[in-house]
Amino acid sequence: METVERFVLDTSLFTNPHAYACFDREAEPAMRSFLGLATSARAEFYMPTSVFEELCKMRNLGPLEAEFELRVHIRSPRKHALQIPAYILYEFIEEVRHRMDRGLRIAEEHARLGLDTDTDAGALIARLRERYREVLRRGIIDSREDADVLLLAFELDATLVTADEGLRTWADKVGVKLIHPTNFRSMLEHLS
């Protein structure tokens, strides 16, 4: 019996220009190209409901929506039945705490800058927001959609296709197989 590869798809595959570039330079033709390859590949494709909804908000799938739902199984992870190692929760909490401490130091640094100089308040706040967001969100799971993608890939023992740095980091921590979207087309061609 032939093994069928399973892939869980993240929104970044269809919204990040660097990710969908392996299919086409433009988003809609890239989606069409993916769907064409998905039709002939010996593979199953999954996307959590929350991620599909996010994709539909970011991209108007139009006439491709029905074909997308035909080729990609839209389903959420079984959150009530799924068990993950407790150390992952502890590691996540430690990571969040570390990031919050770093964010606090950045806020303090910018507060001092605001008091000590004649820096434009708008520019100072903009710089603070940028650095704070970078410290708190980069390289971590920071949304319900990220959690759903990771949990579904874990549940199905599927390969996660994402360009999201946080998802890639945490997928590696829980032992989920990964493929970068830039290599996805080549993999699908080999599975046809």
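Me: Is the crossing of H3 and H5 left-handed or right-handed?
Reply: The crossing of H3 and H5 is left-handed. Keep in mind that this is a predicted model.

Me: Thanks! At what angle do the axes of H3 and H5 cross?
Reply: They cross at roughly 35°, and the axes of helix H3 (residues 27-40) and H5 come within 10 Å.

Me: Which residues make the contact?
Reply: From H3 you have Glu28, Met31, Arg32, Phe34, Leu35, Ala38 and Thr39. H5 brings Leu64, Glu67, Phe68 and Arg71. Sorted by class, the contact of H3 with H5 has six nonpolar, one polar and four charged residues.

Me: What do the side chains of glutamate 67 and arginine 71 do?
Reply: They meet in a salt bridge, with 4.0 Å from N to O. Both residues lie in helix H5, four residues apart, which is about one turn of the helix.

Me: Why can side chains like that pair?
Reply: Side chains of opposite charge can pair when their charged atoms come close.

Me: And how many salt bridges does the count come to?
Reply: The count comes to eight salt bridges.

Me: Okay, on to H4. How do the axes of H4 and H5 cross?
Reply: Helix H4 (residues 49-58) and helix H5 (residues 64-71) have axes that cross at roughly 160° and come within 13 Å. Angles over 145 degrees count as roughly antiparallel, and H4 and H5 are therefore roughly antiparallel to each other. Their crossing is right-handed.

Me: Which residues meet there?
Reply: Phe52, Leu55 and Cys56 in H4 meet Glu65, Phe68 and Glu69 in H5. By class, that contact of H4 with H5 has four nonpolar, no polar and two charged residues.

Me: Let's switch to the strands. In what order do they form the sheet?
Reply: Five strands form an open sheet, in the order S3-S2-S1-S4-S5, and the pairing is parallel.

Me: Which strands stand at the edges?
Reply: Those are strand S3 (72-74) and strand S5 (177-179). Each has a single partner strand, so one side of each is left without a neighbour in the sheet. On average, neighbouring strands of this sheet are turned by 30° against each other, direction ignored.

Me: Over how many bridges do S4 and S5 pair?
Reply: Strand S4 (residues 159-161) and S5 pair over three bridges, in the parallel sense.

Me: Last one: which strands does helix H8 lie across?
Reply: Helix H8 (residues 144-156) lies across strand S1 (5-9), strand S2 (43-47) and S4. H8 runs at about 170° to S1.

Notes
Residues are numbered from 1 along each chain as its sequence is written. This is a predicted model: local features need pLDDT of at least 70, side-chain atom pairs count only at pLDDT 80 or more; totals for chains, interfaces and linings use all residues. Side-chain values use heavy atoms; hydrogens and water are left out. Two strands pair if DSSP finds at least two bridges between them. Helices (H or I, at least four residues) and strands (E, at least two) are DSSP runs, numbered from the N terminus. Axes are lines fitted to C-alpha atoms, for helices over the stretch in contact, and angles run from 0 to 180 degrees between N-to-C directions. Contact means heavy atoms within 4.5 Å. Angles under 35 degrees count as roughly parallel, over 145 as roughly antiparallel, 65 to 115 as roughly perpendicular and the rest as oblique. A crossing is left-handed if the near helix is turned anticlockwise from the far one by less than a right angle, and right-handed if clockwise. Ala, Val, Leu, Ile, Met, Phe, Trp, Tyr, Cys and Pro count as nonpolar, Asp, Glu, Lys and Arg as charged, and the others, Gly among them, as polar.
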